[in-house]
Amino acid sequence: METTNLFSDILASILALSGWEALATLLGMGYILFAIKQSVWAWPCAFFSTFIYTLLFWNGQLPLQSILNAYYLVMAIYGFWLWRKPSQSSEAIHVHNKPIAFHLGFLAIGATLTIAIGFYLQQGDYSRAPFLDAGVMIFSVMNTYLMARKVLENWLYWLVINSAAIILYWQSGFYFTILMFILYFGLAIVGYRAWRQELPTPMPHTTK
């Protein structure tokens, strides 16, 4: 009986879906597809998608997700500014790795901020899922910067972030958006493989 009610709620949500959420979802998919190809057009798609989601999530009582998408607006401008430079330019951004120490620090900072903000949201009853909401926001903020800087491992972080986002949006009733994040999960794998091929080939060691 509960399963029947769940599917009824999902169907009702999809039927009541606003054209704005559908448009934001399509633009979000375009963002990832262009990003895989390292096309500057990824960022205009990101800008308009996140503008719509900023408003949708604010109305849906997910304040941190709304703030996160407002941050994405700024990062879309920053990413466009970075990626518009010709690949031959000395100032162009190229795919690269970060050392393990960097990633340990990245995870430690993200986890600390998630716990702190999650407790704050929990005490004030500001969010439906305080720690999940906080974790998705914090790591998405940090990881979007890595993506703009073309750090290869950003795609691996997106696998975890997107999985958490799927759970969050399921609990919040954004069922159509879940479809986008399921696709994001698969595209993150594609993106990692595509970007890994762009890494500069290490110079062979020579002996004298």
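What follows is a chat about the fold, core and some individual residues of a predicted model.

Colleague: Hi! What should I know about the ground rules here?

Modeller: This is a predicted model, with local features needing pLDDT of at least 70 and side-chain atom pairs counting only at pLDDT 80 or more, while totals for chains, interfaces and linings use all residues. Residues are numbered from 1 along each chain as its sequence is written, and side-chain values use heavy atoms, with hydrogens and water left out.

Colleague: Thanks. How many helices and strands are in the protein chain?

Modeller: The protein chain has 8 helices and 0 strands. Both are DSSP runs numbered from the N terminus, helices being H or I with at least four residues and strands E with at least two. Read along the sequence, the pattern is α-α-α-α-α-α-α-α.

Colleague: And how much of the protein chain is buried?

Modeller: Of the 208 residues, 44% are buried. Buried means under 20% relative accessible area, exposed means over 50%, and partly exposed is in between, with a 1.4 Å probe and protein chains only.

Colleague: What share of the contacts comes from residues 24 or more positions apart?

Modeller: Among contacts with a separation of 6 or more, such residues account for 72%. A contact here means heavy atoms within 4.5 Å.

Colleague: On to the inside. Which residues have the most contacts in the largest nonpolar core?

Modeller: Y31, W83, W155 and Y169 do, in a core of 52 residues. The elements giving two or more residues to this core are α2 (19-36), α3 (42-59), α4 (63-83), α6 (130-148), α7 (154-172) and α8 (175-196). The largest share comes from α7, with 9 residues. By nonpolar core I mean a set of buried Ala, Val, Leu, Ile, Met, Phe, Trp, Tyr and Cys residues joined through side-chain atoms within 4.5 Å. As a general point, nonpolar side chains tend to be buried together in soluble globular proteins.

Colleague: Now A42. Is A42 buried or exposed?

Modeller: A42 is buried, at 0% relative accessibility, and is found in helix α3. Leaving aside neighbours within four places in sequence, A42 is in contact with Y31, F34, A35 and W83.

Colleague: What does the side chain of H103 reach?

Modeller: The side chain of H103 reaches the backbone oxygen of K98 at 3.3 Å, and a polar contact of 2.8 Å joins the side chains of H103 and Y157. A polar contact is a pair of N or O atoms within 3.5 Å; within protein, one must be able to donate a hydrogen and the other to accept it, and residues adjacent in sequence count only if both atoms are side-chain atoms. H103 sits in helix α5 (residues 100-124) and is buried, with a relative accessible area of 9%. Beyond neighbours within four places in sequence, H103 is in contact with K98, E153 and Y157.

Colleague: Switching to loops, where is Q38?

Modeller: Q38 is in the loop between α2 and α3. Q38 has a positive phi of about 55° although it is not a glycine, and is partly exposed at 21% relative accessible area.

Colleague: And K150, what is its phi?

Modeller: Phi of K150 is near 60°, a positive value in a residue other than glycine. K150 is in the loop between α6 and α7 and is buried, with a relative accessible area of 8%.
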